[in-house]
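Here are my notes for your first read through this model.

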Amino acid sequence: MTPRLAVEKVGLAFGGVAALSGVSLTVAPGEIRGIIGPNGAGKTTLLNAICGIVPPTTGRVRLDGKDVTGLSPSAIAARGLRRTFQTSALFPGLTVLENVVTGLHTATRAGLLDCAFGSRRLREEEREAAARARRVLEFVGMAGFAERPAGALSFGQQRLVEIARALVSDPAVVLLDEPAVGLSLNRLADIDRLLRRIRDERGVTLLLIEHVIRLVMEVSDSITVLSSGTVIAEGTPDAVRQDPAVITAYLGTAVHA
Ligand SMILES: Nc1ncnc2c1ncn2[C@@H]1O[C@H](COP(=O)(O)OP(=O)(O)OP(=O)(O)O)[C@@H](O)[C@H]1O
Ligand SMILES: [Mg+2]
């Protein structure tokens, strides 16, 4: 089967310093893949390389077998790949609903002329966009907050809105950069359930960067471990947990937490 997402020998250097070298991984349709590794291992850089924010220096990225390397982030998004960010990237002054609608930006068809003349097509698209945003807010359990300014929400609520924004265009693949960061332990089960529902009910393939090892071990089908910009282990959560190279990279602490 063609992998939904394939990363082939990707390398990326910042001013001559390699942040990623020879990173390869393939993710099957409907898989939840965890990405773990110590601080500075290159996890966020890998996401940036996949979604086109910082194109790889070497190697290829494919979606459903099609080469997307070097395409702009919006072109890659239009091919069905969305992401969330490690730190909140919502517009604090816009409402929750408006923030989610921005996730449809590359998916709406109305052109510049439609905008200039406030055409009927534009108004219809706006209505449809708001309806889609409300449905996805319902899905993540945030429908009651639609009219609030995003900046007024708690940190955990903002993370849910970011996930809604990533989902609103019905992407095939979503990359999540530490969705559980800053959440209290009793919220972890909610995130766990939400990630499974995103896969099971919406058919989304997930790439999950996470420092909360308990969550990533629970929810992932398989895990790729990065350290110093290279893949040091890959396999089922149980196999990875016992891998000596992984234990060394974490100094034998975090993986058992
Ligand atoms: N824009 C940049 N310019 C220069 N160096 C960068 C840039 N972005 C990342 N790096 C470097 O690349 C390496 C990998 O960073 P990255 O943010 O991908 O790590 P990470 O695994 O996501 O870490 P964390 O767990 O702390 O989020 C680090 O050494 C970092 O300093
Ligand atoms: Mg990071």
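**Notes on the sheets, the helix and the ligand**

1. Strand β3, residues 32–36, is joined to strand β8, residues 205–209, by 4 bridges, and the two strands run parallel. If you want one pair to look for, take R33, whose bridge partner in β8 is L207. Please remember that what you are looking at is a predicted model.

2. Now zoom out to the whole sheet. It is open, has 6 strands in the order β6-β7-β8-β3-β9-β10, and its pairing is mixed. At the edges sit β6 (81–83) and β10 (230–235), each of which pairs on one side only. From one strand to the next, the twist averages 20 degrees.

3. Have a look at β7 next. How many of its residues are buried? The count is 5 of 5, so to speak a strand that is mostly covered. In a regular strand, side chains alternate between the two faces of the sheet. You can follow that here: V173, L175 and D177 point one way from β7, V174 and L176 point the other way, and all are buried.

4. Who are the neighbours of β7? On one side, 3 bridges join β6 to β7, and these strands run parallel; L81 has V173 as its bridge partner in β7. There are also 5 bridges that join β7 to β8, again with the strands running parallel. In that pairing, L176 stands opposite L208 of β8.

5. Stay with β8 for a moment and find L206, which lies in this strand. Why does L206 count as buried? Because 22 other C-beta atoms lie within 10 Å, and 20 or more is the cut-off for being buried. Once you set aside neighbours within four places in sequence, L206 is in contact with I32, R33, V174, L176, L195, I198 and R199. For a sense of distance, L206 and P179 are 27 residues apart in sequence, while their C-alpha atoms are 12 Å apart in space.

6. V212 lies in the loop between β8 and α8 (213–219). V212 counts as buried because it has 20 C-beta neighbours inside 10 Å. Leaving out neighbours within four places in sequence, its contacts are A180 and L188. V212 and V181 are 31 residues apart along the chain, but 7.6 Å apart in space from C-alpha to C-alpha.

7. There is a second sheet to find. This one is open too, with 4 strands in the order β2-β1-β4-β5 and antiparallel pairing. Its edge strands are β2 (17–27) and β5 (66–67), each pairing on one side only. Strand β4, residues 58–63, pairs with β5 in the antiparallel sense over 2 bridges. There, K66 in β5 is the bridge partner of L63.

8. Now for helix α1, which has a part in both sheets' stories. Residues 43–51 form α1, and the helix lies across β3, β6, β7 (173–177), β8 and β9 (222–227), running at about 150 degrees to β7. α1 also lies across β1 (5–14), β2 and β4, and runs at about 65 degrees to β2. Is α1 enclosed or open? Since 8 of its 9 residues are buried, α1 is largely enclosed by the rest of the structure. The buried ones are K43, T45, L46, L47, N48, A49, I50 and C51. Just after α1, G52 takes a positive phi of about 95 degrees.

9. What surrounds ligand 1? The shell is made up of F14, A19, G37, N39, G40, A41, G42, K43, T44, T45 and Q86. Helix α1 gives the most to this shell, with 3 residues. Sorted by class, the shell has 3 nonpolar, 7 polar and 1 charged residues.

10. Last, the overall layout. The domain assignment gives domain 1 as 5–80 + 171–256 and domain 2 as 91–154. Taken over C-alpha atoms, the centres of domain 1 and domain 2 are separated by 28 Å.

Methods
Residues numbered from 1 in each chain as written. Chains lettered and ligands numbered in written order. Predicted model: local features only at pLDDT ≥ 70, side-chain atom pairs only at ≥ 80, totals over all residues. Pairing = 2+ DSSP bridges. Axes fitted to C-alpha atoms, helices over the stretch in contact; angles between N-to-C directions. Contact = placed C-beta atoms within 7 Å. Near = placed C-beta within 6 Å. Nonpolar A, V, L, I, M, F, W, Y, C, P; charged D, E, K, R; others polar. Buried ≥ 20, exposed ≤ 12 C-beta atoms within 10 Å, placed from the backbone. Domains from an automatic or database assignment.
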